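Subject: Structure handover

Hello,

Here is the structure for you to look through. My notes follow below it.

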Amino acid sequence: MDVIGYYSSAQQGEVETVTRRKVKRLLSFQRYCHASRLLRGLVPHTPRSLHLLDDDYLGQAAHMLSKVGTWNFDIFLFDRLTNGNSLVTLMCHLFNVYDLIHHFQLDMVKLNRFLGMVQEDYHSQNPYHNAVHAADVTQAMYCYLREPKLAEHLSPLDIFLGLMAAAAHDVDHPGVNQPFLIKTRHHLASLYQNTSVLESHHWRSTVGMLRESGLLSHLPADMSRDIEQRLGSLILATDINRQNEFLMTFREHLDNQDLDLQLASHRHFILQIALKCADICNPCRVWELSRQWSERVCEEFYRQGDLEKKFDLEISPLCNQQSDSVPAIQIGFISYIVEPLFEEWHRFTEPSLLSQTMLDHLHKNKANWSSLRCAHTPSDVQGRSQAEEPEGEVGEGADIP
């Protein structure tokens, strides 16, 4: 569908009934499509058309997309260049890269509707669990899907599921963790019986938006249900309480050398591991980006601690700004959660240049946090931070990113 044709159909089907914000997002999506067609050579590259692209505020974003597979991709800059539409813009680009729209015969208007709903259902007031985090995880997932060890075995369905799960894995996150929902007797905790409460909500919310948008309505019912279930399996794997479960299974596969990526079940397991890696990859980014994410997630923790204090609740581990410093939290997170998983991912890739790069950044960032921790006054780090305890603290008291 050409740009004019898409705009016409989108106007008739959407603009008449949506809010001004949704209109703005639709127009941003329209500009992205135009830029994408230019990059892919579908529109003559005349000096005038390139000039118009440069004048568009998405021109620089389109240039960034040509390097979306690089590990130093700056998602914060990309979000600013897309006027806060980083998740929608990125997903549309990656769907084009993999030709998923054609393969699954997706309706462009329904796709835009679904992605817009997902992006809007992230809470922009959350310092960490917001749509920019979802876009960052999606970009990381794309890098992992391109790993030579994995790429040659992936089917279009595998890629579709991986990208969709990454984009929606934290949708409608309330900015507090599972223990907070349980001790405040939140209805979600009751609904999901105190088990994978947030992850179950992210999955069910995604399913609801898929059905409301009608994105998969043209597919056979059994195929749609299968996609929904597989998305659930991927999103539920991000539950930090299941970290050791997945880590041990992954390690056993690697020790036994019995992973067969010709098998759909084994590919699905690796997609689960890839999503888990993407979800906690911030310490593996360059320091300038990694530090921003660390400060954001700790700010979200501290806000929860302030809320707990306000209502005379016990302050959750990692959420007390007076005793849990950012460096201490990050050192514990890297040591007990990130390093073990990425060391096994390094083994799996045999190793790849990307996995080596990530480990190099991880070790440098850990050293940086150690230096910053030493620079704190004794009162800043009085007592041992809960983040440094290897047993119990993560699963019971914190929703680590």
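Where is glutamine 105 found? Glutamine 105 is in the loop between helix H7 (100–103) and H8. More on that residue comes later.

Ground rules

This is a predicted model, in which local features need pLDDT of at least 70, side-chain atom pairs count only at pLDDT 80 or more, and totals for chains, interfaces and linings use all residues. Residues are numbered from 1 along each chain as its sequence is written, and side-chain values use heavy atoms, with hydrogens and water left out.

The whole chain

The chain has 21 helices and zero strands. Both are DSSP runs numbered from the N terminus: helices are H or I with at least four residues, strands are E with at least two. The chain holds 401 residues, and 55% of them count as buried. Buried means under 20% relative accessible area, exposed means over 50%, and partly exposed lies in between (1.4 Å probe, protein chains only). Now take contacts between residues at least 6 apart in sequence: 77% of them join residues at least 24 apart. Contact means heavy atoms within 4.5 Å.

The annotated positions

UniProt, in an unreviewed entry, lists His133, His169, Asp170 and Asp279 under "binding site". These four span 147 residues in sequence, yet no two of their C-alpha atoms are more than 10.0 Å apart, so they gather at one spot. A caution on the record: UniProt positions are given in the numbering used here, feature names are shortened, and annotations may be inferred rather than shown by experiment.

Asp170 sits in the loop between helix H11 (156–168) and helix H12 (178–183). Is aspartate 170 buried or exposed? Aspartate 170 has a relative accessible area of 7%, so it is buried. Leave out residues up to four places away in sequence, and aspartate 170 touches Tyr122, His129, His133, His202 and Asp279.

Histidine 169 is also found in the loop between H11 and H12. Its relative accessibility is 0%, so histidine 169 counts as buried. With residues up to four places away again left out, histidine 169 touches Tyr122, His133, Ala134, Val137, His202, Ile235 and Asp279.

One more annotation: the unreviewed UniProt entry marks His129 as "active site". Histidine 129 lies in the loop between helix H8 (108–121) and helix H9 (131–145). With a relative accessible area of 2%, histidine 129 is buried.

Two packed helices are described by the angle between their axes and the distance between the axes. Axes are lines fitted to C-alpha atoms, for helices over the stretch in contact, and angles run from 0 to 180 degrees between N-to-C directions.

Helix H14 (residues 197–213) packs on helix H15 (residues 221–236) at about 150 degrees, with the axes 9 Å apart. H14 and H15 are therefore roughly antiparallel. The cut-offs are under 35 degrees for roughly parallel, over 145 for roughly antiparallel, 65 to 115 for roughly perpendicular, and oblique for the rest. H14 passes H15 in a right-handed crossing. A crossing is right-handed if the near helix is turned clockwise from the far one by less than a right angle, and left-handed if anticlockwise.

Which residues make the contact between H14 and H15? H14 gives Glu199, Ser200, His202, Trp203, Thr206, Val207, Leu210 and Arg211. H15 gives Glu228, Gln229, Leu231, Gly232, Ile235 and Leu236.

Look at isoleucine 235, in helix H15. Isoleucine 235 has a relative accessible area of 0%, so it is buried.

Helices H19 and H20

The axes of helix H19 (residues 326–349) and helix H20 (residues 353–375) come within 10 Å and cross at roughly 165 degrees. That makes H19 roughly antiparallel to H20. The crossing of H19 past H20 is left-handed.

Glutamine 105 is exposed, with a relative accessible area of 53%.

Leucine 318 also has a positive phi, near 75 degrees, and is a residue other than glycine. Leucine 318 lies in the loop between helix H18 (287–310) and H19. At 1% relative accessibility, leucine 318 counts as buried.

Best wishes
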